[in-house]
Amino acid sequence: MISQFVLLVVLGLGVAGWFAARAKAQALYTGRGSLAAVPSYHGWHMLLWIVVPAVLVWAVWGGISPGLVRGAILADPAAAQLPAFDMERDAILAEASQLARNPDAAAFNPMAQQLAEVVRGIETRFAMIGAALAALTAFAGGAFGYTRVKAGFPARTRVERATLMTLLVASLIAILTTAGIVISLVYETGLFFRHVSPIDFLTGTHWAPRTGFDAELGKDFGAVPLFWGTLFIGAVIAMIVAIPLGLMSAVFLTQYASATMRKWLKPALEILAGIPTVVYGYFAALTVAPLVRDFAAAMGAENPSTESALAAGVVMGVMIIPFVSSMADDSIAAVPQAMRDGSLAMGATKSETIKRVLLPAALPGIVAGVMLAVSRAIGETMIVVMAAGAAARLSANPFDSMTTVTFQIVQLLTGDQEFDSPKTLSAFALGLVLFVVTLALNIVALRVVKKYREAYD
Amino acid sequence: MTEQKLKIAARNVNVFYGAKQAINDVSIDISTGVVTAFIGPSGCGKSTFLRTLNRMNDTIAGCRVEGQIALDGQDIYASGMDVVELRARVGMVFQKPNPFPKSIYENVAYGPRIHGLAGNKADMDAIVEKSLRRAGLWDEVKDRLAESGTALSGGQQQRLCIARAIAVSPEVILMDEPCSALDPIATARIEELIDDLKERYAIVIVTHSMQQAARVSQRTAFFHLGTVVEYGVTEDIFTNPREERTKDYITGRYG
Amino acid sequence: MINSSWQAPEMQRRLARRHAAERRFKALGLVAIATSLLFLAFLLFTMLRQGLGGIDWAFLTGSDSTDATVAGVWGAAKGSILTMGVTLALSFPLGVLAAVYLEEFAPKGRRWVEWVEVSINNLAAVPSIIFGLLGLAVFINVMHLPRSSPLVGGMTLALMTMPVIVISGRNAIKAVPPSIRDAALAVGASPVQAVFHHVLPLALPGILTGTIIGMARALGETAPLLMIGMRAFVATPPGGITDPASVMPMQIFLWSDEIDQAFVQNTSAAIIVLLVLLMAMNGLAIYLRNKFETRW
Ligand SMILES: Nc1ncnc2c1ncn2[C@@H]1O[C@H](COP(=O)(O)OP(=O)(O)OP(=O)(O)O)[C@@H](O)[C@H]1O
Ligand SMILES: [Mg+2]
């Protein structure tokens, strides 16, 4: 509440400053070249001086004030009877501040009820101090900005410099995100590897994650069945579906379909890519999996499970079709027309030209596309969560239920979790493996595409 | 005769694109009241030199300028020089008309607005009208100022670009083959316009047409392979060139 | 002579075989597309058959409940709206500004600029669940932001959406012809003015198209939100971005897990609602793209 109010006041001051500075600059205008910057830039310069420092002060205050508030509460005589035990005390304090904000709520702990009044007073006091500080900064910034409004002052250059700084910071977010991913994954994985050796993790074949630390932990965190399940579903079954269908769709769309046909078929195919994965997962579990099970039963399998690698893989393959198709489309389009004409002019039929000339020439691009498709498939989560199963099993039978890296990450991190258990930590280790593998696939694929493009440019 | 006053003095200018030298030791004077024409075979550096005069070459990565170019005695490559002010004083019209995809009015008003040349709407209206009149476009567009500038014909677009350049009251106008995308009638109108404008401005025009250079300019510089082979009064260059290469070029023996 | 050899029955038979192969190949292509589209039709048909009956006013305005007959989708929809609001508010400005910087102002060939570009391209291909891990580790465990809230969900999805916006934004900016920049610079606009007055407005439709597509993807995303615990049972719609909330895909996931068969209809009905929203968004993106396709 008070945050919004402070922000509003500061912004209001900024707008007022904008008009004041512009008016002052306008008064200085005596003719062409008499002002180094258009009056409105003086206004913007002023506004920045009012808003930016004040907001920064408010944000910094927001960072340090909780500590100060807490200190003040504990120093208050009303807090003297609080239990000394940290956890309990924190719980009561948290409840008290909840009550302070929302007096209608029922108190669970009578002590919190007593403290609420005190907490409210202290919190309000500190918020007031922060607001005053922010307002003071806004006025100080404004006063400084106002003195800078002079005929020769390059307000535009200054404002533009601030703009460029903002742009720069925005583009650094991407690096920060990447760094955030790498650091958090590596850090948690490091904690995990203190208890389970990386060798056990990467080569062990028994996966039965559990809590509690002991020397035997490594025996139960062998991730090979997960890697196998991931590859079997994402790189084998899904690709067996997606590559032929995607490739032939692309060939048909680019080489045979008339313009009107392409105009309708291509977007229709792309709808497949726009359907949320949770919908695919639901469809796989509800419709495809029973079909697969019945089929397995008809084939004579005993007790076929509802969850199967096949159901998940096939649906995932369908999801990837438009992706493979558009990658193949691009690579075929990149093959120079002259090559195709050369073959056709010899009297080769269209299909012969496609099979003997176009596809071989486009192969590097297609391979890169398939690699990107695999990287998508192995990172796909919802379909396997809903249709693949939890059994960590090394099996080549597509009717078996199998588990994947992403499934296990979800499994390990949902439900009751305590943060430092080997279970939760192992999820980050799995995440790191997934990140590294998809990253490698992408980097290699992009290299291949680039090389291939250069070859024809 | 209009009064002639030295506006831009370029001395020993060299321009490099990376390691490649595009302009080699060029010295030229450009005066108010005079139309100066740059002629020469394709790739000889006319556009390159023209762009150095208002630092439009700053936008090209790897482009480097040596030597001195002074506008009213002030070095335009000095570190204190404000490029924005320079370009307001030295306007430019490009080979292909490039109006903003905005209304005709906005096209002309944009420059005065960012430079704060109009105190109010009435001032701005006056500037827009005056600029369009000078560019010989007012009568054709006065009833449709709100229409998009890109909806005009090629010749009209180019005159709009000239109006846009005039609107910030520059002292010099640089034109890089302003008529090459236009038909002969539109070209004739632009040439008339240049003749009118030269009273107030220093004008530099790059052209591939000898006839055009002869018709509109009073001074001509012949560029070849990055150097100025000959620079002087247009009549002299065309009737009595001193250099063999100039003669060969204007008689069409090569180029 | 040559003519006659083409007339030979041997050659004629060969030609006929080749033409037959040609027809077979073409048919194969058609079958491939038809198979994909049939799957799509089957999926949509199944959802419509199961879910259409469940869509009524009570369903559209109700919230989650343990009783399938009174459970509705509005609570999750509101969670989605709040989450998408946070995502858009963060990823759009940041994405556009980053795109402008990289395309117009970044010094070419610098090491750190290349790093930024590589980061963006790679982030666009990182599995979404990894963003969930990042959100869990940073927003929840380090910054202690409220778990299950649209705030954290929106921030996580914003990190995922931003690269999409940057990439489409750069392409849109690149498509603005350089002559426009020259025109602005030549009347004395500064580079910043040239970009913000001329280039960016012209690139905006393209940027918006990319943004809508990125937002549509975020709207259908479930996995990263599972990581940050947005699977709360939300019987009343969230009031603000710090309240516990669920989102539509998550509601679908949760309902699909219910043992009670009555939830099948709810699940499919929620899927229909979600798909209609997504189609509307993609339709809008296509409309924008067609309407503003290159005017120069
Ligand atoms: N951006 C650039 N980078 C590298 N070299 C360039 C660049 N622009 C021009 N050049 C080179 O500089 C030389 C001069 O080019 P410029 O465009 O000035 O010629 P020009 O006389 O205007 O030719 P034209 O009559 O065809 O317009 C040419 O050799 C050209 O290849
Ligand atoms: Mg040129």
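**Entry 1: terms.** I take helices, at least four residues long, and strands, at least two, as DSSP runs numbered from the N terminus. I also note that I am working on a predicted model.

**Entry 2: the shell around ligand 1.** I looked up which element gives the largest share of the shell around ligand 1, and found that α1(B) does, with 3 residues. I then listed the elements of chain B that each supply at least two residues of this shell: β2 (20-32) and α1 (46-52). There are 13 residues around ligand 1, and I recorded B:Ser42, B:Gly43, B:Ser47, B:Thr48 and B:His208 as those that come nearest. By class, I sorted the shell into 4 nonpolar, 6 polar and 3 charged residues.

**Entry 3: polar contacts of ligand 1.** I searched for contacts made by oxygen atoms of the ligand. At B:Ser47, an N or O atom of the side chain is 2.6 Å from an oxygen atom of ligand 1. At B:Cys44 I found a polar backbone atom instead, 3.3 Å from an oxygen of ligand 1. I next looked up the area: ligand 1 taken alone exposes 630 Å², of which the protein buries 63%.

**Entry 4: strand β9 of chain B.** I asked myself why strand β9 (residues 219-224) of chain B is described as largely enclosed by the rest of the structure. The reason I noted is that 5 of its 6 residues are buried, where buried stands for under 20% relative accessible area.

I then traced the pairing of β9(B). With strand β3 (residues 35-39) of chain B it runs parallel, joined by 4 bridges. On that side I located B:Thr36 opposite B:Arg219 of β9(B). With strand β10 (residues 227-233) of chain B, β9(B) runs antiparallel, and I recorded 6 bridges. One residue pair I followed there is B:Phe222 with its bridge partner B:Glu230 in β10(B). β9(B) and β10(B) form a hairpin with 2 residues between them. In the turn I noted B:Leu225, which has a positive phi of about 50°.

**Entry 5: annotated spans of chain A.** I consulted UniProt, whose unreviewed entry lists as "transmembrane region" residues 41-61, 164-187, 226-256, 268-289, 309-336, 357-378 and 427-449 of chain A. I checked two of these spans against the model. Residues 268-289 of chain A are 91% helix and 0% strand, and their end C-alpha atoms lie 25 Å apart.

Definitions and conventions. Residues numbered from 1 in each chain as written. Chains lettered and ligands numbered in written order. Predicted model: local features only at pLDDT ≥ 70, side-chain atom pairs only at ≥ 80, totals over all residues. Heavy atoms only, no water. UniProt positions renumbered as here; feature names shortened; annotations may be inferred. Near = heavy atom within 4 Å. Polar contact = N/O pair within 3.5 Å; in protein donor to acceptor, adjacent residues only side chain to side chain. Areas by Shrake-Rupley, 256 points an atom, 1.4 Å probe, with all protein chains shown as cover. Nonpolar A, V, L, I, M, F, W, Y, C, P; charged D, E, K, R; others polar. Buried < 20%, exposed > 50% of the residue type's maximum accessible area, 1.4 Å probe, protein only. Pairing = 2+ DSSP bridges.
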